[in-house]
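This briefing concerns one protein chain and the way its parts meet. Please look at the sequence and the structure below before reading on.

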Amino acid sequence: MKIQLQCIACQSRGDSHFSNLEEEQLEILSEHKSCVTYKKNQTLFYEGTRPMGIFCINTGKVKVFKMGSNGKEQILFIAQKGDFLGYRSLLSEEFYGASATVLEPAAICFIPKSDFLKVLHSNPEFFGKLMKAVCHELGVMETKLAQLSQKSVRERLAATILMLKETYGMEGEGSEVIDIVLSREDLANIVGTATETVIRLLSEFKSDKMIALEGKKIKVLDADKLLHEADFYG
């Protein structure tokens with residue numbers, strides 16, 4: 001369903017790369033953009049298709065993943081409020097290198113390529129921020145590849161729980177429950193292992209009093225133990 005969201009009044013703009021744009025530039029972005037509400041499991045774009053613009057998340061979360069030769073997803077990262085999707089492929093004039101699917105009900109804006117590039121080329125500061133974001137994404141991918149090749153599944157799961165805690169925060173003040181709902185399959189696809197293995201290891205982490213489980217949500221009880229489990233101390 002289409003909704004009306006103006007960039008200048010967008011509540012998530014402060015969390016995005018658009019935060020420092022001038023009013024005139026925000027008006028350019030708003031002129032031809034479309035904003036749509038998505039249901040869980042709806043797909044924004046598919047790997048191998050051509051980007052026609054960028055997606056900006058107003059609310060909700062989106063998983064970005066590649067499909068392996070065995071038909072299993074490998075989740076690269078989870079985007080949230082204020083994040084852009086598709087800009088790296090757009091800037092490099094390549095096809096999408098991954099697919100993106102909505103994890104929870106979301107409101108997402110689509111900005112056409114021409115409007116996005118017009119603003120990008122007129123604002124050096126914005127261009128610089130975007131280049132930093134591209135470099136950060138590449139760094140995240142390098143770290144993930146290193147973890148997959150060097151760490152055990154148990155270490156990777158502990159590291160993933162800590163990453164989710166730092167990235168998405170807690171449900172509220174004083175809460176230790178990570179503010180994201182992931183199926184066990186999605187969690188396994190982030191870690192890079194079988195769903196059954198994640199279920200078993202979560203049970204072990206629970207027995208070791210590192211976490212508690214509240215439905216699909218994870219409550220962090222002992223972050224220091226998780227740090228040691230993830231082998232962050234070498």
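The centres of domain 1 and domain 2, taken over C-alpha atoms, lie 26 Å apart. Domain 1 covers residues 13-147 and domain 2 covers residues 151-230, with bounds that come from an automatic or database domain assignment. The model is predicted, so local features need pLDDT of at least 70 and side-chain atom pairs count only at pLDDT 80 or more, whereas totals for chains, interfaces and linings use all residues. Residues are numbered from 1 along each chain as its sequence is written, and side-chain values use heavy atoms, with hydrogens and water left out.

**Extent of the interface**

- Contact (heavy atoms within 4.5 Å) joins 14 residues of domain 1 to 15 residues of domain 2.
- The size of an interface is often given as the accessible area lost when the parts come together.
- Between domain 1 and domain 2 the buried area is about 1200 Å², and carbon and sulfur atoms give 46% of this area; buried area is the accessible area (1.4 Å probe) that two parts lose on being put together, summed over both.

**Pairs across the interface**

- Domain 1 and domain 2 share 1 salt bridge, a term for a side-chain nitrogen of Lys or Arg within 4 Å of a carboxyl oxygen of Asp or Glu.
- K63 and D186 form a salt bridge through their side chains, at 2.9 Å from N to O.

**The side of domain 1 that touches domain 2**

- The elements that give two or more residues to this side are β6 (73-79) and α4 (124-150); helices (H or I, at least four residues) and strands (E, at least two) are DSSP runs, numbered from the N terminus.
- Strand β6 gives the most, with 5 residues.

- The structure holds 9 salt bridges.
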